[in-house]
Amino acid sequence: MDGNGTQQTTGTTVLVVDDVAASRYAMGAVLRRAGHRVVPVASGGEALVELDVRLRDGTLPDVALVDVGLPDMSGYELCRRVRAQPPTAALPVVHFSAAATAPGDRCRGLDAGGDAYLTVPAEPQEIQAVVRAAVRGARRTTGAETVVHRLTLLTEAIVAVQAARCPRELAHAAADGTARLTAAPAVVFVTGPDGEPYRGVARCRPAPADSAAHRAAERLVTRLAEGRSGVHSTVVPAPLWPAGIFRPGIEEDARLTVATAQDGRTAVCLATPVRRAAITDPAADGLLARLAQATALAAEPLLLYQVERHVALTLQHSFLPQPHKLPHLPGVDIVVRYVPASRQTEIGGDFYAALRTGGGVLTAVGDVVGHSLDAATVMVEIRHALRAYCVDESDPAVLAERLDRMLQLYHPDVTATVCLALVDPGSGLVRIANAGHIPPLILPEGGGAQYVDACGPLLGLGLERPAPTERRLNPSDRLLMVTDGLIETRGIPLETSLEQLRTAAADAPPGLDTLCDVLLGCFGHDREDDIAMLALRLG
């Protein structure tokens with residue numbers, strides 16, 4: 001600011017376009033005495049070439065003084081061409097003329113996009129004042145547009161962060177937002193209560209995740225976050241910041257914006273390279289702080305969910321017998337599969353069971369409605385209850401009724417589906433009770449596959465149940481039972497998915513393991529729900 005409170009614009013670059021050498025010299029002398037840098041050119045064509053070169057170099061002038069009477073095009077036409085190109089559209093243009101100026105001339109200049117009009121010769125103070133006014137106006141306009149643009153980028157970044165479904169996706173969304181806000185490479189570290197780091201990158205080729213540089217950066221970020229709350233920013237010089245984090249083998253200073261979530265154990269760090277002599281931009285730092293805080297708030301529930309998901313998976317694996325640990329059941333061969341949902345989705349309550357009873361071999365496949373640790377816990381209770389009921393009861397319809405009453409009594413807000421099949425290995429008779437589940441498929445040796453017509457209400461509703469459906473298996477027939485996580489897909493009718501499963505099963509090669517593997521290969525990629533499968537045949 002000068003003594004009168006006006007903003008100083010000295011040091012700006014002024015493009016002077018005038019075909020008269022003496023006029024160019026005189027105008028340049030006035031501007032240089034005021035502290036401006038002057039770029040003189042003699043025609044509109046030269047001006048366009050000069051602007052193109054400076055655009056590529058990143059050194060566009062701050063204002064252009066253009067004579068209206070140029071030899072190759074009028075100053076008005078030059079102004080229109082400058083305005084027509086987005087990179088130069090914001091360049092302020094001041095027209096000037098030594099000829100007598102009529103009101104229409106000034107109007108033509110303004111209509112062409114000019115910011116002011118000078119009649120020369122003019123007093124040096126007037127020329128300098130017009131230049132200052134044009135530059136100030138352009139800076140105000142550009143500054144307002146920059147603020148709006150940055151706020152838009154911040155809003156988009158926060159929306160992407162809040163939409164993330166897992167910590168790794170969150171880290172990449174935050175890195176992309178950071179890179180767009182700073183127009184620079186970005187690396188984001190997200191660390192939760194278990195200490196496992198998640199990293200996201202954008203616009204850079206960082207060192208491998210298991211490299212020494214990466215581990216050193218993680219340790220540094222962890223130390224910076226320890227014992228702190230809220231958001232803080234710091235610049236780490238290159239000797240302390242590991243080389244290769246932003247670009248392989250390159251040492252760079254790093255600006256770190258670190259935010260700690262309310263639990264005090266979840267930390268987020270936005271890291272970008274910074275030139276040591278660069279001037280700090282408080283506005284950019286403030287936007288990064290807001291993005292870091294939003295990322296930390298979004299990370300907290302995601303990371304806590306990861307812990308819960310791990311507990312639920314451990315619980316399911318603990319109580320579902322592994323394929324190689326299935327009990328020996330005389331007279332039948334059984335193969336099972338369990339595939340948890342993809343990492344970004346919630347764990348469900350899918351299960352299978354194969355039990356010896358007084359009436360034969362009882363197999364079951366079921367699914368507790370809902371997701372999370374609660375669903376996995378109820379699944380365990382259903383399996384234990386089924387094992388207990390099998391001690392003195394084999395009838396699958398009676399077992400389904402008992403499981404239904406158990407849910408009503410102890411979990412009145414929970415429902416579940418289950419398909420129970422009691423197999424008599426001697427006769428091949430199969431009695432099936434289905435409670436809202438996908439019916440089993442029977443695959444004869446000669447090819448084909450058909451669903452068993454067995455249905456009934458879900459467990460937990462207290463509704464009357466039909467009598468078991470009976471079928472007889474030949475020694476080479478296969479019986480397949482699955483949960484809907486194998487085939488259910490948003491936007492596709494269940495009837496269509498069931499038919500696709502039937503067709504794929506019918507075309508599968510012989511063998512129980514082969515059948516399960518083929519179906520998992522067809523349907524089991526990146527599913528939103530767990531998958532439980534059980535296949536059997538008479539042994």
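Let's start with two helices. Helix α2 (residues 44-57) packs against helix α3 (residues 75-84) at an angle of about 20°, and their axes are 10 Å apart. That makes α2 roughly parallel to α3; angles under 35 degrees count as roughly parallel, over 145 as roughly antiparallel, 65 to 115 as roughly perpendicular and the rest as oblique. The crossing of α2 past α3 is right-handed, meaning that the near helix is turned clockwise from the far one by less than a right angle. From α2, the contact uses Gly44, Ala47, Leu48 and Leu51; from α3, Leu78, Arg81 and Val82.

Some ground rules. This is a predicted model, where local features need pLDDT of at least 70, side-chain atom pairs count only at pLDDT 80 or more, and totals for chains, interfaces and linings use all residues. Residues are numbered from 1 along each chain as its sequence is written, and side-chain values use heavy atoms, with hydrogens and water left out.

Now the terms. Helices (H or I, at least four residues) and strands (E, at least two) are DSSP runs, numbered from the N terminus. Axes are lines fitted to C-alpha atoms, for helices over the stretch in contact, and angles run from 0 to 180 degrees between N-to-C directions. Contact means heavy atoms within 4.5 Å. Buried means under 20% relative accessible area, exposed over 50%, partly exposed in between (1.4 Å probe, protein chains only). Strands pair if DSSP finds at least two bridges between them.

The whole chain next. It has 12 helices and 20 strands. Of its 539 residues, 49% are buried. Take the contacts with a separation of 6 or more: 67% of them link residues 24 or more positions apart.

On to strand β1, residues 13-17. Here 5 of 5 residues are buried. Both faces are covered, with Thr13, Leu15 and Val17 on one side and Val14 and Val16 on the other. Strand β1 runs parallel to β2 (residues 37-41), joined by 5 bridges. Val17 has Val41 as its bridge partner in β2.

What does the record say about Asp67? The unreviewed UniProt entry annotates it as "modified residue: 4-aspartylphosphate". Such annotations may be inferred rather than shown by experiment; positions follow the numbering used here, and feature names are shortened. Asp67 sits in strand β3, residues 63-67. Is Asp67 buried or exposed? Its relative accessible area is 11%, so Asp67 is buried.

One pairs Thr357 with Gly360 of β13.

Helix α10 holds Asp404. Asp404 has 3% relative accessibility, so it counts as buried. Leaving aside neighbours within four places in sequence, Asp404 is in contact with Leu458, Leu459, Gly460, Leu461, Gly462, Leu463 and Arg465.
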